[in-house]
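Here is a short report on a protein fold.

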Amino acid sequence: MDPLERMHFTTIDYVIFALLLVASMGIGLYYALSGGRQRTTQEFLLADRSMSCLPVSLSLIATFQSAVAIVGVPAEIYTHGTQYWFIGCAYILGLLIPAHVFIPVFYRLHLTSAYQYLELRFSKPVRICGTLTFIFQTVIYMGVCVYTPALALNAVTGFDLWGAVLATGLVCTLYTTLGGLKAVIWTDVFQTIVMFAGQLAVIVVGVQQTGGLAEVWRKVWEGNRISGIDLNPDPTERYTFWTLGVGGVFLMLSLYGVNQAQVQRYLSSKTEREAIMSCYMVFPSLQVALALSCVMGLVMFARYSSATLLPTIHQPLCVLYPQMVLYFVMDMLQDLPGLSGLFIACVFSAALSTISSAFNSLATVTLEDLIKPHCSSMTEARATLLSKGLACSYGLMCLAMAYLTHLMSDSVLQAAFKIFGMVGGPLLGIFCLGMFFPWANSTGALAGLGSGLVMAFWVGIGSIVTRTSGGPAAVSHFNCTAVQLSENITTAIGTALNSTAVQPMGLQRFYSLSFMWYSALSSFTVVITGLIVSFLTGRGELLIITIEDAIRSTWAHHTHSSGLCSLVETTSKSNKTFCNKNKY
Ligand SMILES: CC(C)(CO)[C@@H](O)C(=O)NCCC(=O)O
Ligand code: NA
């Protein structure tokens, strides 16, 4: 029997998928019609700065748990064993540092956009460059996020590709435009629960069908899937304890420390304490999310390690990475109507929660950083209308980006997967430069950001062109024999094998740097270049040691350069006194 034929959706599955969309729409409508009815930018972009830590923390994990991660991590564990699990170590510092360094600075400055910090600390051009970099990164990312799950679902079940893209894109645009950040956060809460439920259901059924936990354990142990800690210091090794546990911290900081989507949620918290608490609560939830994905990869392995199952399943599993997990799920859940629908809902929840954050944060930075500075007389009503228009436009742009992603070649797609390491790193670097190095000046910051981006794209594009770096590889060997593979896939694997066999030298070695180091490499490049250029062009000041110093020096710089505390009108009373106190 052709495996492609038997994998189809029942009515119940379609109903569950539709329920996800309807419930998300419902939450959007509720927040459009309740509370302040989305009539101020404070409500639309910052949820009235009234959120408590539980919804904020679930929303924080939903944002960067994309569908790419939901289907990619189990495939990674299946093919390479549990080494990737060690990224959980990076969550410790990757969340403690945002909680105690970045959140206090952003929260006490009472910002709306994280890039306001860059103007306060450096200058307007630095802020604009930061904003444009963020827009570039997020626009590329959202296209990939909505396209990847739709493509995988289409390949496995025949579910209409553009139907899925349009349904998710349009529904998400609607509820973000109607309900603002409150809707984004509360749909994230709902979608996180669906995500956990879907993964848990697959694991429970998978364990049961494989013959119980002991049997799963025996098979993954015999199949060598349980990886010990790999302390190999080679930075070109894809996943080792060092790349994951140290390089991963920088990735986490670029996502949870300075990314606008997350900063905006911290700023939407009632108090600074709630914001810090929410960051703490991300830790256990993110560990659960990671464990679910990893265990799912192991169950998948256990189920297919037995030779008797191979004849029917080997062919469909010779597929692209993201599709592998869907094959497994559909194959296993086909006799349990509704459950495959639940898992599809889980994958699309991951996609929706990521793009909704993207729409709202893009609308925020575009309004605050690019438009407002030129229209100082804009009324609140007009600003709110404009922010809704922006959220809606970015939603439609997401559909255009999904289409562009569709036209992209496989190597460009790989670049899109690496976008967080490549573009997130330089952004992290520029915030660190501002917060930890008081003598860094605006020229240094601009030079730093530029060189960080050049460095990131050089190594990122170089690795794709030379195909030496393992990233989330597009191809897996999943029980396939060479005969069954199409010609170009065989070539791709051949190239991959050759490149690992030959030790790369010189530039080749640089290009084969594990992509887990990209954030660290590019943020260090920003800081070092920024410091050198600042020393050459500016004056020296004292070293900042505490958060208070960091905030004080930001205000001092601002009052110094503009001559007055112009932010006073727009900020809260506490900041007003803070500002006045620190006026020189
Ligand atoms: C945030 C982490 C590192 C948590 O494991 C991971 O989910 C991640 O790399 N997320 C960003 C990219 C993505 O999920 O599409
Ligand atoms: Na998500």
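Helix axes are lines fitted to C-alpha atoms over the stretch in contact, with angles from 0 to 180 degrees between N-to-C directions. Helices themselves are DSSP runs (H or I, at least four residues; strands are E, at least two), numbered from the N terminus.

This is a predicted model: local features need pLDDT of at least 70, side-chain atom pairs count only at pLDDT 80 or more, and totals for chains, interfaces and linings use all residues. Residues are numbered from 1 along each chain as its sequence is written, and side-chain values use heavy atoms, without hydrogens and water.

The protein has 25 helices and zero strands. Of its 584 residues, 60% are buried (under 20% relative accessible area; exposed is over 50%, partly exposed in between; 1.4 Å probe, protein chains only).

| Helix | Residues |
|---|---|
| Helix 6 | 87–108 |
| Helix 11 | 241–257 |

The two axes come within 8 Å and cross at roughly 30 degrees. Helix 6 and helix 11 are therefore roughly parallel (angles under 35 degrees). Contact means heavy atoms within 4.5 Å. Among the residues that meet are Leu-93, Gly-94 and Phe-102 in helix 6, and Gly-245, Gly-248 and Met-252 in helix 11.

**One residue**

Leu-521 lies in helix 23 (residues 518–537). At 24% relative accessibility, Leu-521 counts as partly exposed. Beyond its neighbours within four places in sequence, Leu-521 contacts Met-455, Val-459, Phe-510 and Leu-513. Val-459 is 62 residues away in sequence, yet its C-alpha is 9.7 Å from that of Leu-521.

Notes:
Chains are lettered from A and ligands numbered from 1 in the order in which they are written. Angles under 35 degrees count as roughly parallel, over 145 as roughly antiparallel, 65 to 115 as roughly perpendicular and the rest as oblique.
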